[in-house]
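Trainee: I have a model open and want to learn how to read its features. Where do we begin?

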Amino acid sequence: MIQPGDVVEAVCACFGVTPANLRSPARTRTVSEPRKIAAYLMREHTIMSLQDICSYFRRSDHTTALYWIRSCRKDINDGSLYMIAVINQLTEMLNSLPTANQIMPLSYETETDHGEDVGVISSSMIHIGGL
């Protein structure tokens, strides 16, 4: 099973930031974009709740994680080749980890907001040929 630290390590390697940067209150794009992507990947590849993700990044409100995840989903759904390529690259990195092949519990909690399903998008839904 992929751990939150695995996600952070992959994101930090990809973007050239440190885990301390991701947990900092910095709002610069060079830090906020990797943080948002890390939150999205944590939700997709771990069993972390929105509150767990916020706690990991030293934020107090679960709606912050919900915003990050929805923002990534919007970019993916809008066809952002950059976001799709980054998510695919990081997903491949995470899936190549030895721990990725361990069985993950089947229970997954889907958060809802006004009846809207805000679960995660599987990597097969965002794959585009050649990337």
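Mentor: Begin with one residue. G16 has 66% relative accessibility, over the 50% cut-off, so G16 counts as exposed. Keep in mind that this is a predicted model.

Trainee: Where is G16 found?

Mentor: G16 is found in the loop between α1 (4-15) and α2 (19-23). G16 and P34 are 18 residues apart along the chain, and their C-alpha atoms are separated by 9.4 Å.

Trainee: What is the secondary structure of the protein as a whole?

Mentor: It comes to 6 helices and 2 strands. Along the sequence, the pattern reads α-α-α-α-α-α-β-β. As for burial, 40% of the 131 residues in the protein are buried.

Trainee: How do I read the span of a helix?

Mentor: Set the distance from first C-alpha to last against the value expected at 1.5 Å a residue. Take α3: it has 17 residues and reaches 24 Å, close to the 24 Å expected. Then take α5: it has 16 residues and reaches 22 Å, close to the 22 Å expected.

Trainee: Is α3 mostly covered or mostly uncovered?

Mentor: Mostly covered. In α3, 14 of the 17 residues are buried. R43 is found in α3, which runs over residues 29-45. R43 has 3% relative accessibility, under the 20% cut-off, so R43 counts as buried.

Trainee: What does the side chain of R43 reach?

Mentor: The backbone oxygen of M48, at 2.9 Å.

Trainee: Which residues of α5 are buried?

Mentor: A65, L66, W68, I69, S71, C72, R73 and I76. Look at C72 in that list. C72 is at 0% relative accessibility, so C72 counts as buried.

Trainee: What about C14: how is it classed?

Mentor: C14 is partly exposed, because its relative accessible area is 29%.

Trainee: Cysteines make me think of disulfides. How many are there?

Mentor: General idea first. A disulfide is a covalent bond between the sulfur atoms of two cysteines. In this model the count comes to 0 disulfides.

Trainee: How do I read backbone phi?

Mentor: Most residues other than glycine have a negative phi. Against that background, R58 has a positive phi, near 60 degrees, and is not a glycine. R58 is found in the loop between α4 (50-56) and α5. At 60% relative accessibility, R58 counts as exposed, because that value is over 50%.

Trainee: What phi does G79 take?

Mentor: A positive one, about 85 degrees, just after α5.

Trainee: Now pockets. How is empty space found?

Mentor: Rolling a probe the size of a water molecule over the atoms shows where empty space is left. Here, the largest pocket has a volume of about 180 Å³.

Trainee: Which residues line the largest pocket?

Mentor: P25, A26, R27, S32, E33, R35, K36, R59, T64, Y67, W68 and S71. Two of these, W68 and S71, are also among the buried residues of α5.

Trainee: Which helices each supply at least two residues of that lining?

Mentor: α3 and α5, the latter spanning 62-77.

Trainee: How does the lining split by class?

Mentor: Into 4 nonpolar, 3 polar and 5 charged residues.

How values were computed
Residues numbered from 1 in each chain as written. Predicted model: local features only at pLDDT ≥ 70, side-chain atom pairs only at ≥ 80, totals over all residues. Heavy atoms only, no water. Helix = DSSP H or I, 4+ residues; strand = E, 2+ residues; numbered from the N terminus. Buried < 20%, exposed > 50% of the residue type's maximum accessible area, 1.4 Å probe, protein only. Polar contact = N/O pair within 3.5 Å; in protein donor to acceptor, adjacent residues only side chain to side chain. 1 Å grid on protein atoms, 1.4 Å probe; cavity = no way out; pocket = protein on both sides within 12 Å on 5 of 7 lines; lining within 4 Å. Points joined across faces, edges and corners; volume = space filled by probe spheres on them. Nonpolar A, V, L, I, M, F, W, Y, C, P; charged D, E, K, R; others polar. Disulfide = S-S within 2.5 Å. Expected span 1.5 Å × (residues − 1).
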